[in-house]
Amino acid sequence: METATGAGLREAAVSPATDCDAVVVGAGLAGLHQLYRLRQLGLNVVAFEASDGVGGVWHHNRYPGARVDSHFPHYQYWFSRDLWEESEWTERFPAQAEIEAYLNRACDKFGLREHIRFNTRVTAAHYDEASGTWTVSTDGGTSLTTRFLVLNSGGLSAPRQSPFPGAATFRGVSCHTASWPSDGVELAGKRVGVIGTAATGIQVIQTIAPIVSHLSVFQRTPNFAVPMKNPKITPEQNAAAQADFERLRGVVHNTFGGFAYEGEPPMFDDTDEAARQARLEQLWAAGTLEIWGGSFADAFANPDAARYVTEFVRAKIRARINDPKLADKLLPTDHYFGSRRVPLETRYFEAYNRDNVELVDLREELIVSIDATGINTATRHIDLDVIIYATGFEAGVGAINRIAITGRDRRSLRDEWNKALRTTVGMQVHGYPNLFMTMAPFAPASALCNLPVCADHQVDWIGDAISYVYTNGKSSIEPSAETEAAWMAHHVEVSEPTMLGSNTNSWYRHKRADGSVGELIAYAGGIPQYRETCDAMVASGFKGFIVR
Ligand code: NA7
């Protein structure tokens, strides 16, 4: 067995007496990798996982039709050639169960399971400046002290709860897609309501439409979506990808979003009408996310390009919906294609051509309440046996904010973030020494990225920062206020002028506790620019950081 322990740093360290060296919160895709990396450094690490298994979102999101939108072979760990070479994938876009099984295999291959405390939710973490330690408390009533605290709790892991009055009185079955029961929900022949029509809702709707007796889709904002092409992966394709590991790894880590595509996209103005159409037709037929991030080099920045691609996609979708009035309701008019997360779909729009599927347009009739037998809109009652909430997450900060974190001078991260959300490269926050996070706001990993690639980079950077503290005989590291302000200014400068900045109705933008719309959490500078900044921090000996 390949174990995760390596040459230790601990022996050389001037370490305060703590129960462990590092606590990792979350055993999902990033948490498992983080645990592996820190164990490799020789640290004594305890991981906490609130649920009963590993996999994070891939453990919880068991709803019908759940699968990844990153195409083979991109959505897998890149840190172990061994793991890569022994992984056989069955579909170009693997389904939830296959990814969960893969993460379990990785967990066992690297001997990580014994370091994870399952069914234990971290509820609070307090930093004591005098001793330079964090005290981490859990819902089981236990607490332990640690020097480093790494939150791998996920950017899309705190489900939004039902905001509708009377939701608890519903006598049928109701559940959020991210808390799907492991023994499933009986849907065949039932009257089902799905609230939400973004990435998750689309996967649910297209999957269950043929099996339920009646499906009511509650849509607040229409979304663009692109057809997924999902063939089986042959043994030859698996072997070819396995043999291509080194080259591919080099390529994906230097792309904008962590995907390797053939060739460079042209600038929009360098193409004529025929070339534009040909390019978009080719990308539409490819059935991947390339049409989103890779249609034209300036697709995120040039309004003409954005308008052109948007009209192309609108025409494609319109052609698939039989009723033109229904097409008007299903087609977005309030945002450009790509300014919200673009889901891949499989006959999603055709589902609305079925007699048993009804679109409830919430722009015409709001949901007013839920009662024992169904949903009340402003104009009628809809009888339902099952309500599925595909209503998304408290994105970016939700899981972190559910932990009461206090840093230096008893400052509260939740309170500070409620006033002004800020991070340094999405991985540290001024005032919170030795606290690290992945998938948090203002990094490519917060959105706009094939996550295993972005997680790789963050996990390694955090490992480098912790190593730096140990090898220099120090006890803590945190960004200075100036470094943080500079990163935030850079983020705003790079991200806001893009198309993403034009859209205020998207989880890419922070929703404050008072409901107002805040910062764009998606960093739009791409992986290479981000990595350059992060690597320079390491190379400079963490200049701009307070290392004590
Ligand atoms: P999203 O992308 O946040 O979508 C949530 C959906 O639920 C969206 O259609 C929302 O409409 C809708 N919603 C949320 N709250 C309400 C209320 N109160 N009433 C009606 N409709 C509501 O979450 P997903 O789970 O689909 O995807 C999240 C990410 O996970 C995805 O991007 C992938 O990266 C993986 P809205 O658009 O806000 O009007």
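Colleague: Which residues are buried in α16?

Modeller: Keep in mind that this is a predicted model, where local features need pLDDT of at least 70, side-chain atom pairs count only at pLDDT 80 or more, and totals for chains, interfaces and linings use all residues. Residues are numbered from 1 along each chain as its sequence is written, and side-chain values use heavy atoms, with hydrogens and water left out. In α16, the buried ones are Thr 483, Glu 484, Trp 487, Met 488, His 490, His 491, Val 494 and Ser 495. They cover an arc of only 160° around the axis, which puts them on the same side of α16. The arc is that of the directions from the helix axis to the C-beta atoms. Buried means under 20% relative accessible area, exposed over 50%, and partly exposed in between (1.4 Å probe, protein chains only).

Colleague: Why would residues a few places apart end up pointing the same way?

Modeller: An α-helix has 3.6 residues a turn, so residues three or four places apart point the same way.

Colleague: Which exposed residues does the face turned away from the buried side of α16 carry?

Modeller: Glu 482 and Glu 493 are the exposed residues there.

Colleague: And what covers the buried residues of α16?

Modeller: The cover includes β19 (477-479), β21 (517-520), α17 (526-539) and β22 (545-547). Helices (H or I, at least four residues) and strands (E, at least two) are DSSP runs, numbered from the N terminus.

Colleague: New topic: is His 457 buried or exposed?

Modeller: His 457 is buried, with a relative accessible area of 10%. You'll find His 457 in helix α15, residues 451-471.

Colleague: What does His 457 touch?

Modeller: Leaving out residues up to four places away in sequence, His 457 touches Tyr 530, Arg 531, Cys 534 and Asp 535. Contact means heavy atoms within 4.5 Å.

Colleague: Which residues of α6 are buried?

Modeller: In α6 (residues 235-243), those are Asn 238, Ala 241 and Gln 242. Seen down the axis, the buried residues of α6 fall within an arc of 100°, so they line one face of the helix. Glu 236 and Ala 243 are exposed on the other side of α6.

Colleague: What covers that buried set in α6?

Modeller: The cover of the buried residues of α6 includes α3 (81-86) and α7 (245-252).
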